[in-house]
Amino acid sequence: PLWLKDFVAQRQSAPAPPAPHSRPSARVEGSSHAAAMPDMEISAAAKSGDGTVTNVGIKTGGAFQCPECRQKFDSEKAKQLHWKFIHDPNRHQED
């Protein structure tokens, strides 16, 4: 039908609308996929992973390895706190 041809022609020539909730992003140095606010600096202590999908969110450069997961920490105290709040089976958790 003629109305369908007109509709298709209009859709093909019209520019695509912007994605909802999109905002400009800046690349984080050393990462091709991470987005950050412009002019934002991320400290070395806050960075995690090694660029692979397997290690997203896992700190891989610490000296203290959690005995129950792949997470590593810069101090024994940080490792103990992680274990207490993530792995301790005796910790009471509310629903």
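Which residues does Lys-79 touch, not counting residues up to four places away in sequence? I looked that up before anything else. Lys-79 touches Phe-64, Gln-65, Cys-66 and Phe-73. I counted a contact when heavy atoms lie within 4.5 Å.

**Entry: the model**

I am working from a predicted model, where local features need pLDDT of at least 70, side-chain atom pairs count only at pLDDT 80 or more, and totals for chains, interfaces and linings use all residues. Residues are numbered from 1 along each chain as its sequence is written, and side-chain values use heavy atoms, with hydrogens and water left out.

I checked confidence next. pLDDT is the predictor's confidence in each residue, on a scale from 0 to 100. The protein chain averages 75. I found 64% of the residues scoring at least 70. Confidence is lowest in strand 1, residues 26-27, with a mean of 50. It is highest in helix 2, residues 76-87, at 93. Where pLDDT is low, the predicted coordinates should not be read in detail.

**Entry: the fold**

I listed the secondary structure. Helices (H or I, at least four residues) and strands (E, at least two) are DSSP runs, numbered from the N terminus. The protein chain has two helices and four strands. Along the sequence I read the pattern α-β-β-β-β-α.

Residues 24 or more positions apart account for 0% of them.

Burial came next. I call a residue buried under 20% relative accessible area, exposed over 50%, and partly exposed in between (1.4 Å probe, protein chains only). Of the 95 residues in the protein chain, 14% are buried. The accessible surface of the chain is about 8500 Å². Carbon and sulfur atoms hold 56% of that surface. These areas come from the Shrake-Rupley method with a 1.4 Å probe, and for residues only the protein chains shown count as cover.

**Entry: helix 2**

I returned to Lys-79, which lies in helix 2. Its relative accessibility is 18%, so Lys-79 counts as buried.

How many salt bridges does the structure hold? I found one. The rule asks for a side-chain nitrogen of Lys or Arg within 4 Å of a carboxyl oxygen of Asp or Glu. Lys-79 and Glu-76 form the bridge through their side chains, at 3.3 Å, N to O. These two are three residues apart in helix 2, which means about one helical turn separates them. Glu-76 is partly exposed, at 31% relative accessibility.

His-82 lies in helix 2 as well. I noted its relative accessible area as 14%, so His-82 is buried. Leaving out residues up to four places away in sequence, His-82 touches Cys-66, Cys-69, Gln-71, Phe-73 and His-87.

**Entry: the cysteines**

How many disulfides does the rule give? I got zero. Cys-66 is in no disulfide, and the nearest cysteine sulfur, that of Cys-69, is 3.7 Å away. A disulfide is a pair of cysteine sulfur atoms within 2.5 Å. At 3.7 Å, the Cys-69 sulfur is too far from that of Cys-66 for a bond. A disulfide is a covalent bond between the sulfur atoms of two cysteines.

Cys-69 is partly exposed, at 26%.

**Entry: the loop**

I placed Pro-67 in the loop between strand 3 (64-65) and strand 4 (72-73). Pro-67 is exposed, at 66% relative accessibility. I also took its C-alpha to C-alpha distance to Trp-83, which is 8.6 Å.

**Entry: a nonpolar patch**

I looked for patches last. They are made of residues with over 30% relative accessible area and no salt bridge, with like charges joined within 9 Å and nonpolar side chains (Val, Leu, Ile, Met, Phe, Trp, Tyr) within 5 Å. Trp-3, Leu-4, Phe-7 and Val-8 make a nonpolar surface patch of about 410 Å². Phe-7 is in helix 1, residues 2-13. I have Phe-7 as partly exposed, with a relative accessible area of 44%.
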